[in-house]
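Here are a few friendly notes to read alongside the structure. Take them one at a time, and find each part on screen before moving on.

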Amino acid sequence: MKLLCSLSGVADIKHPRRTILQLKELGFDGVAVNEAAFSKKENLSEFIDHVKDFGDKESVICRMISQDILTDYSEKTNLFQNQCRVYHGHYLRGPYSDPYEVVETIDYLNEEAGKEAYGFCLDVGVCNLCGQNMYDFVMTLGHRLKAVILRDNDGNSDDHLLPFSCAHQGQSKTDWLNLIRGLRELEFDGDLIMSIGDSVAAASVTLRPALLELAYKQAQYFQWQIQMTRVMKKYSSRVLFGAGNMCRNYMKCYGQEFPPLFTCDNNESRWGETFEGLEIRSPEELKNLSPDCAIFICIMYYDDIEKQLRNMGIANPIERFNDEFMPSFHWERLEMWEEGHA
């Protein structure tokens, strides 16, 4: 999965070098830019030369947005993008907003081309404006989905804001839950494009570097959430660390498909107990694992637990499980018996 940042509203297209280098330093794999921002082909060529700072031309990721199609200039692939239209001040579904029609179009064009020359880029902001179920959209597109534009808005204005920034009474205005559920179930591995131009443009120049850093952390967060199931599939055996609500939710949603050998906990009084069908053992037991057995941390204090395990000399793969966006929710919560359990 590649993490990209749209330059619209983020960088001066005529002088993008400083911003591009900053994005590269943060960890972004590439950029996306609207072709309409360039008045002349020479300016576009000059811009592409700047993008080469990400690496060799063959490895550069640059999505050129031309009307409603995204193009990867190095791979020559075209991605249709869902659009909206305005009617008497209301946003309505526009071109490529019907996933069933999109599937039919893409399959026909690819068959005519004799190769996979066309795919789809899902604009989350457009889905939110048009009130579309993103889980259904994603699952209907299937393997044709190659990129996702991540941006927030309030459902009424076509803004490009940092994800999770539009909320009312503690509830997000965008249905991130169904988006992540769909992408995770699909095992999406395409491009994630952060489009946050309005958030950046509205902030003080002195704050913009911090916003870009936050945008990269958010992109990493989405990547982590989307790849949760794929990471579980990597390992033939696994154990859990933690015996609270997060462990419980793991067992409810994934315990049958990816059964752990046992779980462990720092609370000595619980060693030997059975929790959700798992024996709770001492962390010292982790030293006896086979080298390829993964440890999934099921406590929110990920850094502390990972540091503890590494200090114990444990070299096994360590992964971080999270139950914020699960395939299904189990509302009965366990009372926490000591600080540090989640």
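**Notes on the model**

1. Let's begin with helix α11, which spans residues 302–311: its buried residues are Tyr302, Ile305 and Leu309. Because these three cover an arc of only 75° around the axis, they sit on the same side of α11. Turn to the other side of α11 and you will find Asp303, Asp304, Lys307 and Asn311, which are exposed. Please keep in mind that this is a predicted model.

2. What do the buried residues of α11 pack against? Their partners are α8 (208–226), β13, α10, β17 and β18. After α11 comes glycine 313, and its phi is positive, near 85°.

3. As a reminder for your reading, strands of a sheet pair through backbone hydrogen bonds, either parallel or antiparallel.

4. For a parallel example, look inside that sheet at β14 (residues 263–264) and β16 (residues 278–281), which pair over 2 bridges. Threonine 263 has isoleucine 280 of β16 as its bridge partner.

5. For an antiparallel example, go to strands β6 (residues 84–87) and β7 (residues 90–93), which are joined by 4 bridges. Tyrosine 87 stands opposite histidine 90 of β7. How many residues lie between the strands of this hairpin? There are 2, and histidine 88 in the hairpin has a positive phi near 50°.

6. The largest nonpolar core contains 44 residues, and Phe28, Phe120, Leu145, Leu150, Leu179 and Leu192 have the most contacts inside it. Helix α8 supplies the largest share of this core, with 7 residues. Another core, of 36 residues, lies apart from it and includes Leu240, Leu278, Leu289 and Cys298.

7. Where is it found? Glutamate 187 is in the loop between α6 (176–186) and β12 (191–194). Is glutamate 187 buried, exposed or partly exposed? Its relative accessible area is 25%, so glutamate 187 counts as partly exposed: buried would mean under 20%, and exposed over 50%.

8. Follow glutamate 187 to its contacts as well. Leaving aside residues up to four places away in sequence, glutamate 187 touches Arg230 and Lys233. Isoleucine 226 is 39 residues from glutamate 187 along the chain, yet their C-alpha atoms are separated by 7.2 Å.

9. Finally, step back to the whole protein. Its secondary structure comes to 11 helices and 18 strands. Of its 342 residues, 51% count as buried. The protein exposes about 17,000 Å², with carbon and sulfur atoms supplying 47% of that area. Among contacts between residues at least 6 apart in sequence, 67% join residues at least 24 apart.

How values were computed. Residues numbered from 1 in each chain as written. Predicted model: local features only at pLDDT ≥ 70, side-chain atom pairs only at ≥ 80, totals over all residues. Heavy atoms only, no water. Pairing = 2+ DSSP bridges. Buried < 20%, exposed > 50% of the residue type's maximum accessible area, 1.4 Å probe, protein only. Arc of directions from axis to C-beta. Contact = heavy atoms within 4.5 Å. Core = buried A, V, L, I, M, F, W, Y, C linked by side-chain atoms within 4.5 Å. Areas by Shrake-Rupley, 256 points an atom, 1.4 Å probe, with all protein chains shown as cover.
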